[in-house]
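Let's take a friendly walk through the side-chain contacts of this protein. Please have the model open as you read.

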Amino acid sequence: MSRRSLSSLFLVALTVSACNSSSVLDPSSASPSTATSTAAGTASAPPSPQPQAGNSRVRLQVAPIVGASVEAAGPLMEALQQKARQRGITLTGSSGQSATHVLKGYFSVLTEEGQTTVIYVWDVYDPAGSRLHRISGQQKAPTVNSAEGWPGVAPATLGSIADTTIDQLSGWLGSQSVQE
């Protein structure tokens, strides 16, 4: 493994481990953002897009995404909003509507040998700031325009990440409704 690859892996490990820092995860700084994701890779096949019982009561606030460029975060949020609507989940803004859950995302990107891998972690919090659930994964796809980092991530990859995220969130929310 090259020195550059080892440095990149170390940086990713530090980024993901920072996701456990309580100062980074303070939901009081949460505000909505936009992002889109698509990817081919390691995520499992998403469940069918029908809304699940109980999701209609969910009002989700998406906090600013850590580690993603502004150019990547915008399309990712758009894809999250579209998928959430399909699943009966309402995304709230930072003012006026009270959220039942807050979603915080942490992202890293690696480019190597014509492939770009996006590594992501989403934490779901209650309004009081207690972490309730974690969604994580990675999407690997061919690099766009031979670019390094975020410019090499295809919009389809961001869309796939959004689809997988909302599908997993919806499934978890559905399991919570059954337990109540």
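How many salt bridges does the structure hold? There are four, where a salt bridge is a side-chain nitrogen of Lys or Arg within 4 Å of a carboxyl oxygen of Asp or Glu.

## About the model

This is a predicted model, in which local features need pLDDT of at least 70 and side-chain atom pairs count only at pLDDT 80 or more, while totals for chains, interfaces and linings use all residues. Residues are numbered from 1 along each chain as its sequence is written, and side-chain values use heavy atoms, with hydrogens and water left out.

## The Arg87 and Asp167 bridge

Start with Arg87, which forms a salt bridge with Asp167; their closest N and O atoms are 3.0 Å apart. This pair links distant parts of the chain, 80 residues apart: Arg87 sits in the loop between helix H2 (70–86) and strand S2 (90–91), and Asp167 in helix H3 (residues 155–179). Helices (H or I, at least four residues) and strands (E, at least two) are DSSP runs, numbered from the N terminus.

Arg87 is buried, at a relative accessible area of 0%, and Asp167 is buried too, at 2%. Here buried means under 20% relative accessible area, exposed over 50%, and partly exposed in between (1.4 Å probe, protein chains only).

## Asp123 and its two arginines

Now turn to Asp123, which is buried at 0% relative accessibility. Its side chain meets that of Arg134 in a salt bridge of 2.7 Å, N to O. The two lie eleven residues apart and link distant parts of the chain, with Arg134 in strand S5 (residues 131–142) and Asp123 in strand S4 (residues 115–125). Arg134 counts as partly exposed, at 29% relative accessibility. Salt bridges that share partners also join Lys83, Arg87 and Asp167 into one network.

Asp123 forms a salt bridge with Arg131 as well, at 3.7 Å, N to O. Arg131 is partly exposed, at 42% relative accessibility.

## Aromatic pairs

What does a search of the whole structure find among aromatic rings? It finds three aromatic pairs. Phe107 and Trp122 have ring centres 5.3 Å apart and planes at 85°, so this pair is edge-to-face. The pair links distant parts of the chain, Phe107 in strand S3 (residues 101–112) and Trp122 in strand S4, 15 residues apart. Rings of Phe, Tyr and Trp (its six-membered ring) pair if their centres lie within 6.5 Å; planes under 30 degrees apart count as stacked, over 60 as edge-to-face and the rest as tilted.

Phe107 is buried at 2% relative accessible area, and Trp122 is buried at 0%. Ring pairs link Phe107, Tyr120, Trp122 and Trp150 into a cluster.
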